[in-house]
Amino acid sequence: QVQLVESGGGLVQPGGSLRLSCAASGTFFSINAMGWYRQAPGKQRELVAGVTSGGSTNYADSVKGRFTISRDNAKNTVYLQMNSLKPEDTAVYYCHVEALDPIWHRLTNYWGQGIQVTVSS
């Protein structure tokens, strides 16, 4: 099992910045991809950014050039630096991790509890 603890959300004015963190702990063989999704009221959950174990990244078109995802493999932590925030970035942000269990090496998806990001003046 993998537990994910998210932090760093909150209220910020348009144009401001926030940094989200998600730390993974528990029992696993390895962590593969890590990423962030978000869900705004009345909308489907969407991928914001992802990073592979090798460091390759991908972003939603709406956040390219403003958000940066990174990971610290030694700490099993993924970060999302969000700059130039817009009101449309307001959503609950969810951390997502793919991990291999220690016995069967089966790939399992894990989700954080979600953290609110509100961009408003």
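Asp89 is located in the loop that joins β8 and β9, where strands (E, at least two residues) and helices (H or I, at least four) are DSSP runs numbered from the N terminus. This is a predicted model, in which local features need pLDDT of at least 70 and side-chain atom pairs count only at pLDDT 80 or more, while totals for chains, interfaces and linings use all residues. Residues are numbered from 1 along each chain as its sequence is written, and side-chain values use heavy atoms, with hydrogens and water left out.

Leaving aside residues up to four places away in sequence, Asp89 touches Arg38, Arg66, Phe67, Ser84, Val117 and Val119. A contact of this kind means heavy atoms within 4.5 Å.

Leu85 also lies in the loop between β8 and β9. With a relative accessibility of 2%, Leu85 counts as buried. Beyond residues up to four places away in sequence, the residues that Leu85 touches include Val12, Pro14, Leu18, Phe67 and Val119. The C-alpha atoms of Leu85 and Val12 are separated by 8.0 Å, although the two residues are 73 positions apart along the chain.

Thr90 is a further residue of the loop between β8 and β9. Its relative accessible area is 21%, so Thr90 is partly exposed. Not counting residues up to four places away in sequence, Thr90 is in contact with Ala40, Gln116, Val117, Thr118 and Val119.

Ser84, one of the contacts of Asp89, is found in the loop between β8 and β9 as well. Ser84 has a positive phi of about 50 degrees although it is not a glycine, and at 41% relative accessibility it counts as partly exposed. A positive phi, here of about 60 degrees, is also found at His105, which is not a glycine either. His105 belongs to the loop between β9 and β10 (107–111) and, at 39% relative accessibility, counts as partly exposed.

Gln39 is part of strand β4 and counts as partly exposed, with a relative accessibility of 28%. Apart from residues up to four places away in sequence, Gln39 touches Gln44, Arg45, Ala91, Val92 and Tyr94.

| Pair | Separation in sequence | C-alpha to C-alpha distance |
|---|---|---|
| Gln39 and Ala91 | 52 residues | 5.3 Å |
| Leu85 and Val12 | 73 residues | 8.0 Å |
| Thr90 and Leu11 | 79 residues | 9.2 Å |

For the chain, residues 24 or more positions apart account for 56% of the contacts with a separation of 6 or more.

**The nonpolar core**

In soluble globular proteins, nonpolar side chains tend to be buried together. A nonpolar core is defined here as a set of buried Ala, Val, Leu, Ile, Met, Phe, Trp, Tyr and Cys residues joined through side-chain atoms within 4.5 Å. The largest such core has 31 residues, and those with the most contacts inside it are Trp36, Leu80, Met82 and Tyr93. Two or more residues come from each of β1 (2–7), β3 (18–26), β4 (30–39), β5 (46–51), β7 (67–72), β8 (77–82), β9 (91–100) and β11 (115–119). The strand β9 gives the most to this core, with five residues.

**The chain as a whole**

The chain has 11 strands and zero helices. Its radius of gyration, taken over C-alpha atoms, is 14 Å, close to the 14 Å that the globule rule gives for 121 residues, so the chain is as compact as a globular protein of that length. The globule rule is 2.2 Å times the number of residues to the power 0.38. Along the principal axes, the C-alpha atoms fill a box of roughly 50 × 25 × 25 Å. Of the 121 residues, 40% count as buried.

Methods. Buried means under 20% relative accessible area, exposed over 50%, partly exposed in between (1.4 Å probe, protein chains only).
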